[in-house]
Every structure is written in structure tokens, then in C-alpha cells.
Amino acid sequence: MFWRRSPRSYVTITQAADRYCRKFWGAGVEAVVGGEVPEPVTGEVEGGIPQAA
């Protein structure tokens, strides 16, 4: 990801962060860091799972 001698695949940390944010949040890094977009869905179950009797 950060190899200097491979210009085709080389990206800066800023570009990598922006691509990550766009992939998971659907927004640029500035909007994510600024709290302008909600957290992405994680699949986490909140409130617990009902237990069988």
C-alpha cells in the first residue's frame, strides 16, 4: 500500500484513509472525522437476545 517504488499501487496515508471512509461510511474522511455522518451498521445486536424458557 505504501511502497515507494510501485507508483501504480502507491497511495499516501491520506488517500488510504479517504478510500477507507468512502468504502465503509460512503463519505469522505473530512465528514467522518467531523462527525457529519452516522456510524456504519456493524451487525451488532443491541438489547440482548431473548432466552428460551
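Is Tyr-20 buried, partly exposed or exposed, and what is its relative accessible area?

Modeller: The model is a predicted one. Tyr-20 is partly exposed, with a relative accessible area of 47%; that value falls between the 20% under which a residue counts as buried and the 50% over which a residue counts as exposed.

The setting of this residue is helix α1, which runs over residues 13-24. The helix has 12 residues, and from its first C-alpha to its last it reaches 17 Å, close to the 16 Å expected at 1.5 Å a residue. The protein chain as a whole has 2 helices and 0 strands.

Tyr-20 and Phe-24 stand 4 residues apart in helix α1, a separation of about one helical turn. An α-helix has 3.6 residues a turn, so residues three or four places apart point the same way. Phe-24 is itself partly exposed, at a relative accessible area of 42%.

The rings of Tyr-20 and Trp-25 form a pair whose centres are 6.1 Å apart. Their planes make an angle of 55 degrees, so this pair is tilted: an angle over 60 degrees would be required for edge-to-face, and one under 30 degrees for stacked. Trp-25 counts as partly exposed, its relative accessibility being 25%.

The count of aromatic pairs comes to 2. In the pair of Tyr-20 with Phe-24, the ring centres lie 4.7 Å apart and the planes are at 50 degrees, so this pair too is tilted. Tyr-20, Phe-24 and Trp-25 together form one aromatic cluster. As for the chain beyond the helix, α1 is followed by Gly-26, whose phi is positive, near 75 degrees.

Helix α1 also holds a charged pair. Side chains of opposite charge can pair when their charged atoms come close. Here the side chains of Asp-18 and Arg-22 meet in a salt bridge, with 2.9 Å from N to O. Both residues lie in helix α1, 4 residues apart, or about one turn of the helix. Asp-18 counts as partly exposed at 22% relative accessibility, and the count of salt bridges comes to 1.

The chain exposes about 5,100 Å², of which carbon and sulfur atoms supply 56%.

Terms used: Residues numbered from 1 in each chain as written. Predicted model: local features only at pLDDT ≥ 70, side-chain atom pairs only at ≥ 80, totals over all residues. Heavy atoms only, no water. Areas by Shrake-Rupley, 256 points an atom, 1.4 Å probe, with all protein chains shown as cover. Expected span 1.5 Å × (residues − 1). Phe/Tyr/Trp six-rings, centres within 6.5 Å; stacked < 30°, edge-to-face > 60°. Buried < 20%, exposed > 50% of the residue type's maximum accessible area, 1.4 Å probe, protein only. Salt bridge = Lys/Arg side-chain N within 4 Å of Asp/Glu carboxyl O.
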